[in-house]
Amino acid sequence: MALRSPSFLDLETLLSQAEYHDIDVPKSQEIVETTVSKRSGGGKAGIGALALNGSAGSDFQYQSTYSLQPREKATVSKVIDELIRQKAVQVNPVGDSALSRDVLVEIEGTARITAVSVLSKVFFVFRRLMLARDINDLNELANLDLEDADVAEEIQRVYLRNELLPLPLLLEVSGSSLPHKVYVNVRPDFFIDEASADRVEGDLRVLGSVSKLVLDGEYRVTDEWLLHGWEFMMRRIMMAQIQDDLEEVTQQLERLGLNLPDDDVHAYISGPAIVIDAIALY
């Protein structure tokens, strides 16, 4: 097998899978400690106390990337090869495969960032402005206009300056061997070097574990991506009225030239579909 150069890697989870399947990894603890140390070296920006009884968090953690040395890349490739050799990973499972939660899969296809991840940045901006302006009434969110100077500045930081945000991405992978929709949950802070969201679209392979199965006729709300970081009860309240809010935000984004497909993922995922928690993208 070829040496892999991942753009995203949750090394600790990968090595935990190796240990579970009795795969020897030389100095695995040293490798984990090194990469965790590199990843935790990123900055943290304090925003101040929250007016909503702590429901939006007291500060914002920003994404950071880390480097993977050639020796570590070789270790990663060997671990993945051995997991596949032991059939611990289902490689490009076909339509009649009996998938279940927590099973490891490697799926190849064409990935793109879904609309819900584009919209999640707007709600992140709103949450940051709520802290900055000491807003404690959720209804005042409706008064935040993308043409407002402060809002426009925040939008520019996020969309034009490619600010790395502590938000998970939801990707859709098309062209896979599976007949249903395939989504990939990509957590922040595990990108390699300058990868970020710039290298998670296009042709790639996904190694991960199945986290959600959405059956035909069922739905799964997307609040864990759309409203990531918001307090649980606030998320419940907002998701109950989110459709009107999403339509308003989508219209304002369209005025900025960002057009989101109507049939893309917004407030929910419709089945049949699976969601995979990414361990590595390459």
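## Asp 10 and its salt bridge

Asp 10 is buried, because its relative accessibility is 3% (buried means under 20% relative accessible area, exposed over 50%, partly exposed in between, with a 1.4 Å probe and protein chains only). Its partner in a salt bridge is Arg 187, with the closest N and O atoms 2.3 Å apart (a salt bridge is a side-chain nitrogen of Lys or Arg within 4 Å of a carboxyl oxygen of Asp or Glu). The pair joins distant parts of the chain: Asp 10 sits in the loop between S1 and helix H1 (11-20), and Arg 187 in the loop between S7 and S8, 177 residues apart. Arg 187 is partly exposed, at 35%. Helices (H or I, at least four residues) and strands (E, at least two) are DSSP runs, numbered from the N terminus.

A word on what you are looking at: this is a predicted model, where local features need pLDDT of at least 70, side-chain atom pairs count only at pLDDT 80 or more, and totals for chains, interfaces and linings use all residues. Residues are numbered from 1 along each chain as its sequence is written, and side-chain values use heavy atoms, leaving out hydrogens and water.

The structure holds eight salt bridges. One of them pairs Arg 4 with Asp 81, the closest N and O atoms being 2.8 Å apart. Arg 4 is buried at 4%, whereas Asp 81 is partly exposed at 22%.

## Around Asp 264

Asp 264 lies in the loop between helix H8 (242-255) and strand S10 (268-270), and is buried at 9% relative accessibility. Its side chain makes a polar contact of 2.9 Å with that of Arg 112 (a pair of N or O atoms within 3.5 Å; within protein, one must be able to donate a hydrogen and the other to accept it, and residues adjacent in sequence count only if both atoms are side-chain atoms). Arg 112, Glu 172 and Asp 264 also form a network of salt bridges.

## Aromatic pairs

How many aromatic pairs are there? The count is four, where rings of Phe, Tyr and Trp (its six-membered ring) pair if their centres lie within 6.5 Å; planes under 30 degrees apart count as stacked, over 60 as edge-to-face and the rest as tilted. Phe 8 and Phe 191 make an edge-to-face pair, 5.5 Å centre to centre with 70° between the planes. Both of these residues, Phe 8 and Phe 191, are buried.
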